[in-house]
Amino acid sequence: MVSFKKDNCKGCGLCVDACPKQILRVAPDQINKKGHHPAECVDQEKCIACAFCAMMCPDCVITVERK
Amino acid sequence: MVVFEKPHALTDVPMHYCPGCLHGIVHRLVAEVIDELGIEGKTIGIAPVGCSVMAYNYFNCDMIEAAHGRAPAVATGVKRADPENHIVFTYQGDGDLASIGMAETVHAAARNENITVIFINNAIYGMTGGQMAPTSLPGQVTQTSPYGRDPKLCGYPVRVCEMLSELEGPEYLERVTVADVKNVRNAKKAIKKAFQNQIDGKGFSLIEVVSTCPTNWGMTPQKAIDWLKENMLAYYPLGVYKDRSAAKEEAK
């Protein structure tokens, strides 16, 4: 599963492009402290913990765990 | 079980870089390498002038801020003062390393100083608002070349790795990029080798990272990465440009 430090996210969307399962998105209905739309995971069950998103995140906001 | 988390050598300070700027990835790779080699306590980083001027806030190791372009000269002093106990790296952009700091870079390489240089090449001056850099591509539109860079007027971009590879001095020169996951992995390997070379006392290692500047290129982060792959990599081919130890091994 993936978790985000939402307030540090700048909503660049590089994680969204990197995800092979296409379960990430830039949340259109949220705004964080910095004023950006943060990234979020829409289906944790489908996450395969490949950490591609975390590897492409320039702001190191993503932690990836395997159950 | 945690598969991926922020490396310890990176602080919790939120980075000031623009959304989608690849500086953050390179910062993280350097921090991961410092963690893996277990050298956080004895590493000294030299921050440049440019977008990464505040790199000293983001690394947990000791950092020094150098005058514009003089990071390799400061690193030389720090390394020579206590060569056994310090690992010294500089982190520089193209405006810092390839423009005002060209002399320091070339001479540090020629002297084969035992330091590690991380060089971010994004073909534009980021911090000052997108002016033409020595690495801007022919035809590239910037603030100071609104009709595209004209090589007849402004000359041709500098390929730093190729240029330094002609010198006798440097130990290791490699050009990598961080545009996708595969290349991020390769970049980390290269950065790790550059630090390992210094630990082994082999000498000057420079890793050039081809990067983007979505803000000043006037693109979304995704489009900037596509532009990088299409245009930047054609002019700046990836690869190892010099590996003296490997060449010596082969000669045997």
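This is a predicted model: local features need pLDDT of at least 70, side-chain atom pairs count only at pLDDT 80 or more; totals for chains, interfaces and linings use all residues.

Me: Let's start with confidence, then. What is the mean pLDDT of chain A?

Reply: The mean pLDDT of chain A is 93, and 100% of its residues reach 70 or more.

Me: Where in chain A is confidence lowest, and where is it highest?

Reply: Confidence in chain A is lowest in strand S1, residues 2–4, with a mean of 93, and highest in helix H2, residues 52–56, with 95.

Me: Now chain B. How many helices and strands are there in it?

Reply: Chain B has 10 helices and 8 strands. Its C-alpha trace spans about 50 × 45 × 35 Å along the principal axes, and buried residues make up 52% of its 252 residues.

Me: What radius of gyration does chain B have, and how does that sit with a compact globule?

Reply: The radius of gyration of chain B is 17 Å, which agrees with the value near 18 Å that a compact globule of 252 residues would have. As for how the chain folds back on itself, among the contacts in chain B with a separation of 6 or more, 67% are between residues 24 or more positions apart.

Me: Which strands make up the 7-strand sheet in chain B, and in what order?

Reply: The order is S3-S2-S4-S5-S7-S6-S8, in an open sheet with mixed pairing. Strand S3 (62–65) and strand S8 (239–243) of chain B stand at the edges with a single partner strand each, so one side of each has no neighbour in the sheet. From one strand to the next, the twist averages 20 degrees.

Me: What packs on that sheet?

Reply: Helix H1 of chain B does, touching S2, strand S5 (116–121) and strand S7 (205–210) of chain B, and the direction of H1(B) makes about 160 degrees with that of S5(B).

Me: Give me one of the pairings in there. In what sense do S2 and S4 of chain B pair?

Reply: Strand S2 (residues 43–47) and strand S4 (residues 87–93) of chain B pair in the parallel sense over 4 bridges, and Thr43(B) stands opposite Ile87(B) in S4(B).

Me: And S6 of chain B, is that strand covered or exposed?

Reply: Strand S6 (residues 172–177) of chain B is mostly covered, with 6 of its 6 residues buried. Tyr172(B), Glu174(B) and Val176(B) point one way from S6(B), while Leu173(B), Arg175(B) and Thr177(B) point the other way, and all are buried.

Me: Which residue of S7(B) stands opposite Glu174(B)?

Reply: Ile207(B) in S7(B) stands opposite Glu174(B). The two strands, S6(B) and S7(B), run parallel and are joined by 6 bridges.

Me: Changing topic to the interface: how many residues does each chain put into the contact?

Reply: The contact takes 22 residues from chain B and 22 residues from chain A. On the side of chain B that touches chain A, strand S1 (2–4), helix H1 (23–37), helix H7 (181–199) and helix H9 (221–235) of chain B each supply at least two residues, and the largest share, 4 residues, comes from H1(B).

Me: What is the make-up of that side of chain B, nonpolar or charged?

Reply: The residues on the side of chain B that touches chain A divide into 15 nonpolar, 4 polar and 3 charged.

Me: Which strands make up the sheet of 3 strands?

Reply: That open sheet has the order S1(A)-S4(A)-S1(B), with antiparallel pairing. S1 of chain A and S1 of chain B stand at its edges, each with a single partner strand, so one side of each is left without a neighbour in the sheet. Neighbouring strands of this sheet are turned by 30 degrees against each other on average, direction ignored.

Me: How many bridges join S4 of chain A to S1(B)?

Reply: 2 bridges join strand S4 (residues 62–65) of chain A to S1(B), and these strands run antiparallel. The bridge partner of Val64(A) in S1(B) is Phe4(B).

Me: Last topic, backbone angles. What is phi of Cys60(A)?

Reply: Phi of Cys60(A) is near 55 degrees, a positive value in a residue other than glycine. Cys60(A) lies in the loop between H2 and S4 of chain A, and it counts as buried because it has 23 C-beta neighbours inside 10 Å.

Me: And Asn112(B), what is phi there?

Reply: Phi of Asn112(B) is near 50 degrees, a positive value in a residue other than glycine. Asn112(B) sits in the loop between helix H4 (102–110) and S5 of chain B, and with 16 other C-beta atoms within 10 Å, Asn112(B) is partly exposed.

Conventions: Residues are numbered from 1 along each chain as its sequence is written. Chains are lettered from A and ligands numbered from 1 in the order in which they are written. Two residues are in contact if their C-beta atoms, placed from the backbone, lie within 7 Å. Ala, Val, Leu, Ile, Met, Phe, Trp, Tyr, Cys and Pro count as nonpolar, Asp, Glu, Lys and Arg as charged, and the others, Gly among them, as polar. Two strands pair if DSSP finds at least two bridges between them. Axes are lines fitted to C-alpha atoms, for helices over the stretch in contact, and angles run from 0 to 180 degrees between N-to-C directions. pLDDT is the predictor's confidence in each residue, from 0 to 100. The radius of gyration is taken over C-alpha atoms; the globule rule is 2.2 Å times the number of residues to the power 0.38. A residue is buried if 20 or more other C-beta atoms lie within 10 Å of its own, exposed if 12 or fewer, and partly exposed in between; C-beta atoms are placed from the backbone.
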